[in-house]
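Please look at the structure shown below and follow how its elements are arranged. The report takes up a pair of helices and then a sheet.

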Amino acid sequence: MDATAMDLDLHKLPSRHFEPRLYGVGAWTNHLHLAYDLMAALRPSVFVELGIDRGESFFAFCQAAAEHQTGSRCFAVDTWEGDGQAGHYDETTYAQVVAHCRAHYSAFARLLRGTFAMVRPQFFDGTIDLLHLDGLHSEEAVRQDLADWLPKLRPGGILLLHDVNVRERGFGVWKCWQELCAQGRSWTHAAGPGLGLWQKPPNESLPPLVESLLLGTNEQRNALEQHYAQSAEALQAKITQEWSDGRVRDLPFLQQTVIQIFHTTDGVHREENSVQARIGHGEWNEVFLTLPSGAGAAPLRIDFVSPWTIIEIATLRLRAGGQIIYEAASPAEFDRLLVQGDAERLPDPDSLRVRITGVDPQLFLPPLPAAEELSVELRLRVFPHQ
């Protein structure tokens with residue numbers, strides 16, 4: 001064990017006093033306290049995150065950089081359009097990310113809008129100290145991103161790779177992670193979808209926290225895992241309370257709605273058999289979602305991640321091969337839709353109006369025969385309720 005790992009005092013971890021400004025809007029909630037500690041410990045001159053979406057992880061790193069005066073320059077790279085795995089979304093996401101960055105981190109953080117390939121020439125080889133990759137998660141995409149960006153990471157620098165434990169929905173990060181682990185020092189934070197930490201060879205001595213993760217005793221690693229698990233549990237409890245008492249509707253990054261459509265051939269709705277999109281509130285939106293080949297509609301279920309809102313649907317169509325096989329655009333047709341879970345139907349003479357009352361609202365279409373090339377069209381708007 002490296003001597004520096006023995007110097008770690010768990011009671012002095014910066015994250016013990018961490019109050020994140022942004023949380024609960026992505027798949028990074030379990031790792032936020034670790035991100036905060038890593039930034040405070042590593043104090044990178046240049047930090048780059050590839051794929052930030054609503055910025056849950058990026059702004060945790062930025063918050064640590066600001067509060068611990070690390071002197072870091074932080075860069076976020078994204079198209080802010082979404083992708084086939086995460087779903088697509090409108091300009092609301094980018095506008096909110098820009099506003100949050102300007103309000104808190106404009107002195108040292110930059111948002112670079114474009115594909116990873118477009119932005120890559122802006123960084124010279126060996127100039128990035130801490131690199132976080134969280135883009136498209138197919139094996140092909142991850143391999144290309146690693147080939148393009150690992151040369152930009154300085155020798156001895158740290159790579160963070162998200163979703164290393166996910167083995168469904170076409171994710172192939174885990175395969176690339178296994179290969180990286182054989183090429184350098186590594187540690188996997190197993191919580192949630194998994195986060196991999198890898199040091200680019202050759203090895204160099206790192207701060208006690210990182211040495212403890214890479215080379216510490218089982219006792220040290222278990223203590224750190226317990227700290228981060230307890231921190232995540234406390235944060236999840238806070239999120240649950242905010243959903244319960246309505247405070248969640250005042251959080252800027254949750255003033256968007258995720259529309260998640262579950263497809264099934266056996267009547268069971270599974271997370272891996274779903275597609276999603278995200279929209280802003282207030283205006284009418286046209287949403288088009290294409291289901292994967294072989295998707296069934298027995299039945300389709302639509303969930304809305306939309307705290308303390310009313311969903312107003314003007315039309316809902318299901319197409320197969322371009323032909324409409326189901327449509328709801330009138331009160332009689334809307335009556336055939338089943339509203340369940342944390343939602344209640346409200347009276348409306350023209351549309352389907354649903355009040356969201358909790359975290360799991362569900363809308364079921366009638367069961368339909370199997371068909372190829374299924375797609376769903378929605379015209380809807382979302383607005384808050386008191």
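## Helix 7 and helix 8

In this predicted model, the axes of helix 7 (residues 208-215) and helix 8 (residues 218-245) come within 8 Å and cross at roughly 115°. Because angles of 65 to 115 degrees count as roughly perpendicular, helix 7 is described as roughly perpendicular to helix 8. The crossing of the two helices, helix 7 and helix 8, is left-handed.

## Residues in the helix contact

On the side of helix 7, the residues that take part are Leu209, Ser212, Leu213, Leu214 and Leu215, and they meet Gln220, Arg221, Leu224 and Tyr228 of helix 8. Sorted by class, this contact of helix 7 with helix 8 comprises 6 nonpolar, 2 polar and 1 charged residues.

## Pairing at strand 5

Which strand pairs with strand 5, and in what sense? Strand 2 (residues 73-78) pairs with strand 5 in the parallel sense, and the pairing extends over 5 bridges. Within strand 5, arginine 113 is the bridge partner of aspartate 78.

Note on methods:
Residues are numbered from 1 along each chain as its sequence is written. This is a predicted model: local features need pLDDT of at least 70, side-chain atom pairs count only at pLDDT 80 or more; totals for chains, interfaces and linings use all residues. Side-chain values use heavy atoms; hydrogens and water are left out. Two strands pair if DSSP finds at least two bridges between them. Helices (H or I, at least four residues) and strands (E, at least two) are DSSP runs, numbered from the N terminus. Axes are lines fitted to C-alpha atoms, for helices over the stretch in contact, and angles run from 0 to 180 degrees between N-to-C directions. Angles under 35 degrees count as roughly parallel, over 145 as roughly antiparallel, 65 to 115 as roughly perpendicular and the rest as oblique. A crossing is left-handed if the near helix is turned anticlockwise from the far one by less than a right angle, and right-handed if clockwise. Contact means heavy atoms within 4.5 Å. Ala, Val, Leu, Ile, Met, Phe, Trp, Tyr, Cys and Pro count as nonpolar, Asp, Glu, Lys and Arg as charged, and the others, Gly among them, as polar.
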